[in-house]
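Please keep the sequence and the 3D view at hand while reading.

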Amino acid sequence: MKNRINTKIVIAIVSCSILVSAIVGITSIVKSTSIIKHEATDKLLNMVSSRGNEYTVQTKVENTVKELSGLVLGTIEVSKVKDPSYMNIYEKQLSSLMKSPSPYPPKRYISILTRMS
């Protein structure tokens, strides 16, 4: 009889231990899954936002360059490009039309654009 009571007590303790372990395990799995999903979502959103900003800046720069090249191509006289006095006058005219698209002076744009043509 004493053996049966000991067996029942051991079975009750082992059952409670297994039950508590299962509850703690399931709870930790659910919580960690939720936290990992939240962290992954935040990280992806930050990456997407960062890439979106990069593409926005790139698009703005491309548009500025297109506008500037259109302005130069529409106003420059190619036959007079090698004349330094014409280029000085042209630079002054162009600088009055530009709205500071970058920190480089207009002379640098003109020299780059004339080398390309």
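The accessible surface of this predicted model comes to about 10100 Å². Carbon and sulfur atoms account for 65% of that surface. Of the 117 residues in the protein, 9% are buried.

The protein contains three helices and zero strands. Read from the N terminus, the order of the elements is therefore written α-α-α. Among contacts between residues at least 6 apart in sequence, 27% join residues that are at least 24 apart.

**A patch on the surface**

Which residues form a nonpolar patch on the surface? The patch consists of Ile5, Ile9 and Ile13, and together these residues have about 280 Å² of accessible area. One of them, Ile5, is found in helix H1, which covers residues 2-75. Ile5 has a relative accessible area of 48% and is partly exposed. This value lies between the limits of 20% for buried and 50% for exposed residues.

In soluble globular proteins, nonpolar side chains tend to be buried together. In this model, the largest nonpolar core has seven residues: Leu68, Val72, Ile76, Tyr86, Met87, Tyr90 and Leu94. Helices H1 and H2 are the elements that give two or more residues to this core. The most come from H2, which gives four residues.

Leu94 is one of the core residues, and its place is in helix H2, which spans residues 84-97. Is Leu94 buried or exposed? Leu94 counts as buried because its relative accessibility is 2%, and buried means under 20%. Ile76 is also listed in this core. Leu94 and Ile76 are 18 residues apart along the chain, and their C-alpha atoms are separated by 9.6 Å.

**The aromatic pair**

How many aromatic pairs does the structure hold? The structure holds one aromatic pair. The pair is formed by Tyr86 and Tyr90, whose ring centres are 5.9 Å apart. Their planes meet at 20 degrees, so the pair is stacked; the cut-off for stacking is under 30 degrees. Both tyrosines lie in helix H2, four residues apart, which is about one turn of the helix.

Tyr86 is buried, with a relative accessible area of 13%. Tyr90 is likewise buried, with a value of 3%. When neighbours within four places in sequence are left aside, Tyr86 is in contact with Thr75, Ile76, Glu77, Lys80 and Val81.

**The salt bridge**

The count of salt bridges comes to one. Lys80 forms this salt bridge with Glu77, and the closest N and O atoms are 3.4 Å apart. Lys80 is partly exposed, with a relative accessible area of 37%. Glu77 also counts as partly exposed, at 39% relative accessibility.

**Accessibility of selected residues**

The table brings together the relative accessible areas of residues discussed above.

| Residue | Relative accessible area | Class |
|---|---|---|
| Ile5 | 48% | partly exposed |
| Glu77 | 39% | partly exposed |
| Lys80 | 37% | partly exposed |
| Tyr86 | 13% | buried |
| Tyr90 | 3% | buried |
| Leu94 | 2% | buried |

Tyr86, Tyr90 and Leu94 in the table belong to the largest nonpolar core, whereas Ile5 belongs to the nonpolar patch on the surface. Glu77 and Lys80 are the partners of the salt bridge.

How values were computed: Residues numbered from 1 in each chain as written. Predicted model: local features only at pLDDT ≥ 70, side-chain atom pairs only at ≥ 80, totals over all residues. Heavy atoms only, no water. Buried < 20%, exposed > 50% of the residue type's maximum accessible area, 1.4 Å probe, protein only. Contact = heavy atoms within 4.5 Å. Areas by Shrake-Rupley, 256 points an atom, 1.4 Å probe, with all protein chains shown as cover. Salt bridge = Lys/Arg side-chain N within 4 Å of Asp/Glu carboxyl O. Patch = residues over 30% accessible without salt bridge, like charges linked within 9 Å, V, L, I, M, F, W, Y side chains within 5 Å. Phe/Tyr/Trp six-rings, centres within 6.5 Å; stacked < 30°, edge-to-face > 60°. Core = buried A, V, L, I, M, F, W, Y, C linked by side-chain atoms within 4.5 Å.
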